[in-house]
Each structure stands twice: as structure tokens, then as C-alpha cells.
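My plan is to go from the overall fold to single residues.

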Amino acid sequence: MQIDTLRFGMVEIDDNKLIDFGDGIPGLEQYRAYALLQFEESYPLVWLQSTEDTGICLPVLDTFAVLPNYVFDLEDADVKSLGIKNPDELHVVSVVVIPEDIKGMTVNLAAPIVINTKTGKAKQIVLTGTDYNVRAPVFQEICNAVAGSEAHGEEGGIDAGSV
């Protein structure tokens with residue numbers, strides 16, 4: 001499928017890679033169909049592009065590629081609603097805010113977007129009981145990840161309950 005995007009022009013999307021936010025994304029509930037656009041020159045930043053509105057394209061971070069110590073529990077209800085059978089089916093991204101001064105870039109770690117890569121179902125999960133910030137500074141961590149730094153130590157992940 002081809003979609004015409006405001007930011008990237010015409011882009012080819014593999015139909016098997018479409019993402020379905022059944023309830024929409026908070027603030028964008030009317031738009032449910034998206035695709036992740038990844039470009040080598042901007043990775044680990046990727047782009048959550050609406051396939052329904054060419055102007056909606058959110059910068060998101062491939063979270064574990066940059067923040068390997070990021071860990072959260074996924075509630076059983078979310079595991080069920082996303083149809084997750086195996087933790088390997090999960091892909092987690094987090095919405096990024098990129099201000100004019102790029103060094104002030106922040107990431108929303110309090111509400112990650114969890115995607116089931118097998119089914120394409122996705123949901124933005126608002127975490128409870130964590131100290132994660134909705135505007136966590138992330139510029140230096142991105143620089144470290146791009147440079148191949150291993151400054152973060154052990155791997156992060158999700159405890160997907162009954163998965």
C-alpha cells in the first residue's frame with residue numbers, strides 16, 4: 001500500500017506492517033490506522049504515521065534501543081486486549097517531543113506505545129505505580145545509542161504478566 005505523507009511524501013507500506021489502535025491514541029481517538037516509518041538517518045527515532053490523515057506523524061523512540069534499563073509491568077487486561085501470546089511479539093515505542101533546540105528533546109516514558117508485531121494491534125498504555133516522567137530528557141541517551149555506547153548496563157524489558 002502507498003500512502004502520501006506530509007513529511008516524507010509518497011511512502012510504500014507493507015500491508016502486514018499496519019498498526020491498529022482499536023481505541024485510538026489519547027487525543028487522536030478518531031484515527032486508528034498507523035504505520036511505523038523507519039529511516040536509517042533518523043534511527044532510533046522512528047515515525048508513527050497515520051494512514052488516515054497525511055498530516056499526523058508522531059516522532060517516537062525505539063525505546064529499548066536507547067533505554068535498555070526501561071522496565072514496566074504490562075497488565076493482564078492489556079496482554080489480553082493486544083492478543084499477546086509471546087513477549088517476542090512486542091515492540092515498544094515512546095512519543096518524543098522535539099523542540100527547536102534539539103538538546104531539549106524529551107520522551108514520554110509514563111505512557112509507552114505497545115505494539116503486537118504479529119497481529120498489528122497497538123495501544124498506548126498509561127503506566128501506574130511508576131516514577132516515569134511524561135517529559136524525560138533523552139537527547140544524551142540517543143547520542144550514546146547512536147555512538148554504540150553501552151553506558152546503560154543490563155537489558156530492560158516488559159514483564160508481560162501471563163505471557
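My entries follow, overall values before single residues.

I am working with a predicted model, where local features need pLDDT of at least 70, side-chain atom pairs count only at pLDDT 80 or more, and totals for chains, interfaces and linings use all residues. Residues are numbered from 1 along each chain as its sequence is written, and side-chain values use heavy atoms, with hydrogens and water left out.

**Overall fold.** I counted secondary structure and found three helices and 13 strands. Both are DSSP runs numbered from the N terminus: helices are H or I with at least four residues, strands are E with at least two. The radius of gyration is 15 Å, close to the 15 Å from the globule rule for 163 residues, so the chain is as compact as a globular protein of that length. That radius is taken over C-alpha atoms, and the rule is 2.2 Å times the number of residues to the power 0.38. Along the principal axes, the C-alpha atoms fill a box of roughly 40 × 40 × 25 Å.

Of the 163 residues, 42% are buried. Buried means under 20% relative accessible area, exposed over 50%, and partly exposed in between (1.4 Å probe, protein chains only). I then took contacts (heavy atoms within 4.5 Å). Among those between residues at least 6 apart in sequence, 56% join residues at least 24 apart.

**Cysteines.** How many disulfides does the structure hold? I found zero, with a disulfide taken as a pair of cysteine sulfur atoms within 2.5 Å. Cysteine 57 is buried, at 13% relative accessible area. Cysteine 143 is partly exposed, at 30%.

**Cis peptide.** I noted a cis peptide bond between tyrosine 43 and proline 44, with omega about 20 degrees. Proline 44 sits in the loop between β4 (33-37) and β5 (45-50).

**Asparagine 116.** Is asparagine 116 buried or exposed? Its relative accessibility is 0%, so asparagine 116 counts as buried. Asparagine 116 belongs to strand β10 (residues 113-116). Setting aside neighbours within four places in sequence, asparagine 116 contacts Leu82, Gly83, Ile84, Glu89 and Lys121.

**Leucine 6.** I looked next at the loop between β1 (2-5) and β2 (9-12), where leucine 6 lies. Leucine 6 counts as exposed because its relative accessibility is 68%. Beyond neighbours within four places in sequence, leucine 6 touches Thr54 and Gly55.
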